[in-house]
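Me: I would like to go through the labels on this model one by one. For each, I want the value set against its cut-off.

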Amino acid sequence: MKKEHIVSYEELRWEELTEQDRTLLEAAIEATDTSHSPYSHFRVGAALRLASGETVKGSNQENIAYPSGLCAERTAMFAAAIQHPGEAFDTLAVVARNPEGALCGASPCGACRQVMAEYEMKQQRKMRVLVFFSKGKILIFDSVERLLPFCFEM
């Protein structure tokens with residue numbers, strides 16, 4: 001039996017975002033300043049809004065002993081889980097800067113998507129994902145399942 005999976009998402013421009021989502025993306029942009037990326041020169045920032053409204057930031061952290069580094073999305077989620085145990089994750093925003101410092105498109109890697117999916121399953125609540133993409137478009141996914149429809153399940 002052949003089946004088809006269609007990914008649905010919103011595509012908005014900066015000025016079309018809610019103030020709350022713009023603020024979260026701005027926090028992710030700020031987080032790129034704390035990136036440790038001396039090898040790729042690709043700075044990624046993430047900002048995670050918790051159910052309480054508080055924001056936790058993360059940035060990619062590279063290491064010469066590849067693959068010992070960690071992505072921005074996971075640093076934000078792990079920090080939130082440690083600093084705010086049991087608090088649900090509401091929305092995760094992800095942005096990247098290329099080696100020249102310009103904002104560019106970057107989508108979460110497979111490992112980050114799996115971690116996001118597990119947190120979504122654990123909290124039994126959907127987590128929105130905002131991804132700053134090429135040419136200033138922001139892609140909005142209403143759940144992690146849209147990014148990783150066939151994840152490992154617990």
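Reply: Rings of Phe, Tyr and Trp pair if their centres lie within 6.5 Å. The model is a predicted one, and by this rule the count comes to two aromatic pairs.

Me: Why is the pair of Y9 and F141 called tilted?

Reply: Planes under 30 degrees apart count as stacked and over 60 as edge-to-face, with the rest tilted. The ring planes of Y9 and F141 stand at 40 degrees, so the pair is tilted; the centres are 5.5 Å apart.

Me: What makes this pair a tie between parts of the chain?

Reply: Y9 is in the segment before β1 (10–13) and F141 is in strand β7 (residues 137–141), so the pair ties together parts that are 132 residues apart in sequence.

Me: Why is the contact of R49 with D21 called a salt bridge?

Reply: The rule asks for a side-chain nitrogen of Lys or Arg within 4 Å of a carboxyl oxygen of Asp or Glu. The closest N and O atoms of R49 and D21 are 3.2 Å apart, and the two form a salt bridge. R49 lies in strand β2 (residues 43–50) and D21 in helix α1 (residues 19–31), so the pair ties together parts that are 28 residues apart in sequence.

Me: Which residue of strand β6 (residues 128–132) is linked to D21, and how far apart are the two in the chain?

Reply: R128 forms a salt bridge with D21, with the closest N and O atoms 2.8 Å apart. R128 is in strand β6 and D21 in helix α1, 107 residues apart. At 25% relative accessibility R128 counts as partly exposed, whereas D21, at 5%, counts as buried.

Me: Which residues do salt bridges with shared partners join into one network?

Reply: The network consists of D21, R49, D90, R125 and R128. The structure holds seven salt bridges.

Definitions and conventions: Residues numbered from 1 in each chain as written. Predicted model: local features only at pLDDT ≥ 70, side-chain atom pairs only at ≥ 80, totals over all residues. Heavy atoms only, no water. Phe/Tyr/Trp six-rings, centres within 6.5 Å; stacked < 30°, edge-to-face > 60°. Helix = DSSP H or I, 4+ residues; strand = E, 2+ residues; numbered from the N terminus. Buried < 20%, exposed > 50% of the residue type's maximum accessible area, 1.4 Å probe, protein only.
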